[in-house]
Amino acid sequence: MIETTVVEYREIATESPVMIVGLPGIGLVGKLVADHLIIELKAEKFMEIFSPNLPPQVNVNPDGTIKLVSNELYFYKGNETTPDMIILVGDHQSVTNEGHYELAGIYLDIAERYKVRRIYTLGGYGTGKLIETPHVLYATNKPDIIEEVKSYGAIFNEGELSGGIIGASGLILGLGELRGMECVCFMGETSGYLVDPKSAQAVTTVLCKALNIEIDTKELEARAQEIEKIITKIKEMEQSQIPKDFAAEDKYIG
């Protein structure tokens, strides 16, 4: 394979859907959210993207069979109050800068083909420290929808995203702006040390408000509790390594 190949498995009938992009990134936050949506909504795969820009490998299934790495698109048919959704998930993001641009362009081509009215990209915002209650940050390429985005519970603190948004989550916003497409990125705060279902749960809550849907997040909550146990053990290990004299001095505030 020397070029990206898009395989369409079936036609979908949709009007003004939204696109949700949840590819692997910091804490796997975006991927966890998108995968969870697909399961809970019983969305059906209708398209798959294979590309030499993805890592040169196959995934091994539990039964010993293999699957070439890819990005997949799923479709959920909405109702009177819930929009149709095209959900993009994947095993990996591009391993090259050029590949990021090519694949983002392909995602936007698909969005234009189906007349997507808004794209939500999902990801994690690495803080480098453990977070008890993660906030959800936002970025958008359309200033006139900022107040709407805030109403869903997302926040923006000036200077906090000064490092930019790397990968598909940010690039789609930038390239989408050039095409006049409305895009929003939701990022859950995460330490960046571990897979973070608690952050994914926070992003899911905000996204569900934006989509006007209710999604059961018990599975994410259960996974978050397992991670909490790991974090507790890490904290205990860190505390046990702090000299007693230093710990006592650290309590002094002057």
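A residue counts as buried when its relative accessible area is under 20%, as exposed when the value is over 50%, and as partly exposed in between. The model shown is predicted.

**Exercise 1. Classify the two residues of the ring pair Y138 and F156, and describe the pair.**

Step 1. The relative accessibility of Y138 is 6%. Because this value is under the cut-off of 20%, Y138 is buried.

Step 2. F156 has a relative accessible area of 42%. This value lies between the two cut-offs, so F156 is partly exposed.

Step 3. The ring centres of Y138 and F156 are 5.7 Å apart, and the planes meet at 50°. Planes under 30 degrees apart would count as stacked and planes over 60 as edge-to-face; the pair is therefore tilted.

Step 4. Y138 belongs to strand β9, and F156 to the loop between α3 and α4 (168-178). The two residues are 18 places apart, and their pair links distant parts of the chain.

**Exercise 2. State how many aromatic pairs the whole structure holds, and describe the one formed by F46 and Y114.**

Step 1. The search of the whole structure gives three aromatic pairs.

Step 2. In the pair of F46 and Y114, the centres are 5.9 Å apart and the angle between the planes is 90°. This pair is edge-to-face.

Step 3. F46 is located in strand β3 (residues 44-50), while Y114 is in the loop between α2 (97-113) and β8 (118-126). The pair therefore ties together parts that are 68 residues apart in sequence.

Step 4. Both F46 and Y114 are buried.

**Exercise 3. Determine whether E48 is buried or exposed, and find the polar contacts of its side chain.**

Step 1. E48 is placed in strand β3.

Step 2. Its relative accessibility is 3%, so E48 counts as buried.

Step 3. The side chain of E48 is joined to that of K67 by a polar contact of 2.8 Å. A further polar contact, of 2.7 Å, is made with the side chain of S70.

Step 4. With neighbours within four places in sequence left aside, the residues in contact with E48 include T5, V6, V7 and Y9, as well as N71 and E72.

**Exercise 4. Describe how α4 is covered, and examine N141 and its contact with L173.**

Step 1. Of the 11 residues of α4, eight are buried, and the helix is mostly covered. Among the buried residues are A168, L171, I172 and L173.

Step 2. The cover over the buried residues of α4 includes β2 (18-22), α2, β8, β9 and β10 (183-190).

Step 3. After α4 comes G180, which has a positive phi near 75°.

Step 4. N141 occupies the loop between β9 (136-140) and α3 (146-151). Its relative accessible area is 9%, so N141 is buried.

Step 5. The side chain of N141 reaches the backbone oxygen of L173 at 3.0 Å. The backbone oxygen of M181 is also reached by the side chain of N141, at 3.0 Å.

Step 6. Beyond neighbours within four places in sequence, N141 has contacts that include G176, E177, E182 and C183.

**Exercise 5. Compare the accessibility of Q201 with that of K229.**

Step 1. Q201 is part of helix α5 (residues 197-211). With a relative accessible area of 18%, Q201 is buried.

Step 2. The side chains of Q201 and T217 make a polar contact of 3.4 Å. Not counting residues up to four places away in sequence, Q201 also touches L220, E221 and A224.

Step 3. K229 lies in helix α6 (residues 218-240). Its relative accessibility is 51%, so K229 counts as exposed.

**Exercise 6. Identify the residues of the nonpolar surface patch that includes V58.**

Step 1. The patch is formed by M1, V58, V60, I66 and L68, which together have about 480 Å² of accessible area.

Step 2. The elements giving two or more residues to the patch are β4 (58-60) and β5 (66-68).

Step 3. V58 is found in strand β4. Its relative accessibility is 38%, so V58 counts as partly exposed.

Key. Residues are numbered from 1 along each chain as its sequence is written. This is a predicted model: local features need pLDDT of at least 70, side-chain atom pairs count only at pLDDT 80 or more; totals for chains, interfaces and linings use all residues. Side-chain values use heavy atoms; hydrogens and water are left out. Helices (H or I, at least four residues) and strands (E, at least two) are DSSP runs, numbered from the N terminus. Buried means under 20% relative accessible area, exposed over 50%, partly exposed in between (1.4 Å probe, protein chains only). A polar contact is a pair of N or O atoms within 3.5 Å; within protein, one must be able to donate a hydrogen and the other to accept it, and residues adjacent in sequence count only if both atoms are side-chain atoms. Contact means heavy atoms within 4.5 Å. Rings of Phe, Tyr and Trp (its six-membered ring) pair if their centres lie within 6.5 Å; planes under 30 degrees apart count as stacked, over 60 as edge-to-face and the rest as tilted. Patches are made of residues with over 30% relative accessible area and no salt bridge: like charges are joined within 9 Å, nonpolar side chains (Val, Leu, Ile, Met, Phe, Trp, Tyr) within 5 Å. Accessible areas come from the Shrake-Rupley method with a 1.4 Å probe; for residues, only the protein chains shown count as cover. A salt bridge is a side-chain nitrogen of Lys or Arg within 4 Å of a carboxyl oxygen of Asp or Glu.
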